[in-house]
Structure formats: C-alpha cells, structure tokens
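The structure comes first, then the sites in turn.

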Amino acid sequence: MEELLQEWDGEFVVCRYDDRTGARLFVAVHSTRLGPAAGGTRLKAYPKAADGARDACRLAAAMTLKMAVAGLPMGGGKSVLALPPDAAALSPIERRHLLTTHARTLEALHGTYWTGPDVGTASADMDVLRETTRHAFGASTAYGGSGSSAPDTAVGVFYGIQASLRHCFGSADLAGRRVLVQGVGAVGWRLVELLHQSGAHVIVADVAFDRVERLYESLDVEVVAPASVIGTVCDVYAPCAMGGVLDARTIPALRCRVVAGAANNPLSEPADADLLRERGILYAPDYVINGGGAIHLIGYETLGWSAGQVAEHLRGIGSTLVEIYERAEKESVSTATAAEQLAAARLAGA
Ligand code: NAI
Ligand code: PHE
C-alpha cells in the first residue's frame, strides 16, 4: 500500500467496506482535468484488498489516457469491488446489496466520477446502480442507458487490427490472416464474428470451455488451450481477457507480428513495450485500441451523438493508431511511449 501511495499520481481514492459480502469497494479518481472522471466498475475476487486498490489506481490512470487519446471530454477513474479471495459466488440479494452500497458512494461523489460496466459487471448491474444514482453509463435502454459497450469496443479493436496489419504488412486485408483471440467474452465474441466475416483464420482460447464450445459449433474457428496462447503461431494476438499477460517471460515466447486486443493493461510493466519493440512486434496500446466502449457510452449518453457519429469515432481509432505508429518510428520509441506523448499533448492543451 505504501508503494502504491508513493507511485500513484491521481487525485483521490475512496474506500468503503460492505459487511454483507466482506468486499472492499474502491473508487479511484485519477484525473478530472478534461472533465468528470469516468471508468468501469470491476467486480472480482483479489488475494488481498490492497491488490484491488492497486488495480483501481492503475486502471484509473489508463482511463485518463484513454479519454485524452479518444478526444472525449472526460477524465479517468475506475471502481473495483474487491471480493475476498475465498468468496463463494454472490447470491442475487448479496450482489444487489453490494451494488447499492457502491451506488451510494457514487451518489456521494456528486458526478465527479461516472461509472460503467467492466470485467465482472454488465448492463443489468448498471440498472441496479441507476436505482440509486444517475452516475452510471451503460444501463439498459429501459433504464435510460445505451446498453452494453462491448460490441462497439469490438468494432474499435477490429479497426485497430486492420490499421496494424496495414502498418506491418502494407495491406489491411484480413483474408487468410491468423488472428488469435484470447477470451471470447462480451468483446472477444463479437470480435471473432467480425474477423470471421472478413475472411480471417480465427483461433480462440478461453478458460470458460462452454463458451469456446458454443463458438466452435456456430463458426469455423480453431481452438487452442488457454495455456498454449503465448506460443501459438499467428499474425495478430488479440488479448481480450485479463491484464498482465505480457511480461519478460511471455514476450520472448510470442510467435506473432502484432499485439492488438481489448484487454486493459496487458503489459505487466511499462518496460514490456520496449521488449515488444526489440522483438519487432507491433503493439497497439491498449487504451487507444479499446477506446470504443468509452466512445459508445460517452458519445451516446453525454454528448448526444447519433449512431453515425459513434461509428465515425470508432473508425477514428484506426487513424489514431496510424499516427502513433508513425510517430514511434520517426522518434525511435515504443508505440506505448508515442501514445503517451499524444495523450500528454492533449492533456497539456486542456
Ligand atoms: P468478459 O468478462 O465478458 O470476457 C472475458 C473473457 O475472458 C471471459 O469469457 C473469460 O472466461 C475469459 N478469460 C478469463 N481469463 C482467461 C484466460 N486466462 N485465458 C483465456 N480466457 C480467459 O469481459 P469483456 O467485457 O469481454 O472485456 C474483455 C477485456 O476487455 C477486459 O480486459 C476489459 O477490461 C477490456 N475492455 C472491455 C470493454 C468493454 O466495453 N466491455 C472496453 C474496454 C476494455
Ligand atoms: N470499462 C470499459 C473501459 O475500460 C468501458 C467504460 C468506459 C466504462 C468509460 C465506463 C466509462 O473502457
């Protein structure tokens, strides 16, 4: 915790305890420089409560960069509802209680921070938050929200993969390209459909075998075991599950040309971007390529955009990546550094 306090440059963190589930609730507001902070609510078990706090702080910082790069008038924040490591699955009543406790915190923040869905939460959970606070994006349309952000996140990742292929191979054509999607949840599943429609050879992996099985039955995809993802030969590796998948141990074992997926914080530490560069692997920075969810939620619910305007901004993810790749090459830096420079310029101009 001491280390976290020393390294985090955010504005504030709120911590709360839910006695019914034993969960620690964290809301980290990293920056309100560009507008009220926004970022999803992550619900999962952590070995220690401090691990949940660290995740909230790191993810909130990435949201600041995401909003800046996407040109959205919002700051960065994140919530983590950290369940105890041995927690059994929550009953519907416990889940509602936990979410309502969280909603009270959001209400007390008076709109300084707006949440939305993230790993472990979905539109139905935002509906529950909306019963207590309006500061939650991504509720169902019946509750006045814009629904799940996942399909548009997938669309943005798809454009990002095309831009990455064009940079790497001189053509964005997906026909015959081997694309490995790790995690076929809300985002990964839709991404697989889009890639498949474009003629890619799609390889999938997920720890939830029932999902893989359903996908395999409906589309012509190749399946690999979750443990084999890193060493699988492919053109594009698209991490769409949890963060921390790339580090000094996994990067040397990668057999791909491009890393471009939805997962937030796939790098274990910033230096991993340099390791990828040294290996000649093109890395699409996470908060750039996965900005489609934020574009959907904030575009529809705050900026009043039409579907056409949202679609145009999703396409813009590809152009932003091209700009980052060109800057990285010109200045001989990693693509992560080039993306940070772009975000810093936008934040400085605020
Ligand atoms: P999800 O929870 O619906 O799907 C995640 C999938 O990954 C699940 O099917 C799960 O079984 C699988 N998985 C977990 N660990 C795995 C492992 N070790 N190997 C293979 N599969 C594994 O989550 P969602 O919404 O699809 O998000 C995926 C990632 O994209 C997350 O990192 C999230 O933070 C990020 N993201 C999501 C956005 C959204 O709009 N939903 C927006 C921006 C980022
Ligand atoms: N959790 C998603 C993300 O990381 C979607 C989201 C964006 C939720 C903005 C709230 C606000 O991008």
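A polar contact here is a pair of N or O atoms within 3.5 Å. The model is predicted.

For arginine 42, the separation between a side-chain N or O atom and an oxygen atom of ligand 1 is 3.1 Å. Aspartate 206 has a polar side-chain atom 2.6 Å from an oxygen atom of the ligand, and asparagine 264 has one at 2.9 Å from a ligand oxygen. On its own, ligand 1 would expose 830 Å², of which the protein buries 80%.

## Ligand 1: the surrounding shell

The shell around ligand 1 holds 24 residues. Ser149, Thr153, Val187, Asp206 and Ala241 are the closest of them. Sorted by class, the shell consists of 12 nonpolar, 7 polar and 5 charged residues.

Two helices contribute to this shell with at least two residues each: H5, residues 150–169, and H6, residues 186–197.

Lysine 66 brings a side-chain N or O atom to 2.7 Å from an oxygen atom of ligand 2.

## Ligand 2: the surrounding shell

Residues around ligand 2 include Gly39, Gly40, Met63, Lys66, Met67, Lys78 and Gly116. Pro117, Asp118, Asn264, Ala294 and Leu297 also belong to this shell. By class, 5 are nonpolar, 4 polar and 3 charged.

Helix H2 (49–70) and helix H10 (292–301) each provide at least two of the shell residues. H2 gives the largest share, with 3 residues.

Two packed helices are described by the angle between their axes and the distance between the axes. H5 and H6, the helices that each supply at least two residues to the shell of ligand 1, pack with axes 8 Å apart at an angle of about 50°. H5 is therefore oblique to H6. Their crossing is right-handed.

H6 also meets helix H7, residues 209–218, where the axes come within 12 Å and cross at roughly 15°. Because angles under 35 degrees count as roughly parallel, H6 and H7 are roughly parallel to each other. The crossing of H6 past H7 is right-handed.

Definitions and conventions. Residues numbered from 1 in each chain as written. Chains lettered and ligands numbered in written order. Predicted model: local features only at pLDDT ≥ 70, side-chain atom pairs only at ≥ 80, totals over all residues. Heavy atoms only, no water. Near = heavy atom within 4 Å. Polar contact = N/O pair within 3.5 Å; in protein donor to acceptor, adjacent residues only side chain to side chain. Areas by Shrake-Rupley, 256 points an atom, 1.4 Å probe, with all protein chains shown as cover. Helix = DSSP H or I, 4+ residues; strand = E, 2+ residues; numbered from the N terminus. Nonpolar A, V, L, I, M, F, W, Y, C, P; charged D, E, K, R; others polar. Axes fitted to C-alpha atoms, helices over the stretch in contact; angles between N-to-C directions. Parallel < 35°, antiparallel > 145°, perpendicular 65-115°, else oblique. Left-handed = near helix turned anticlockwise from the far one by under 90°.
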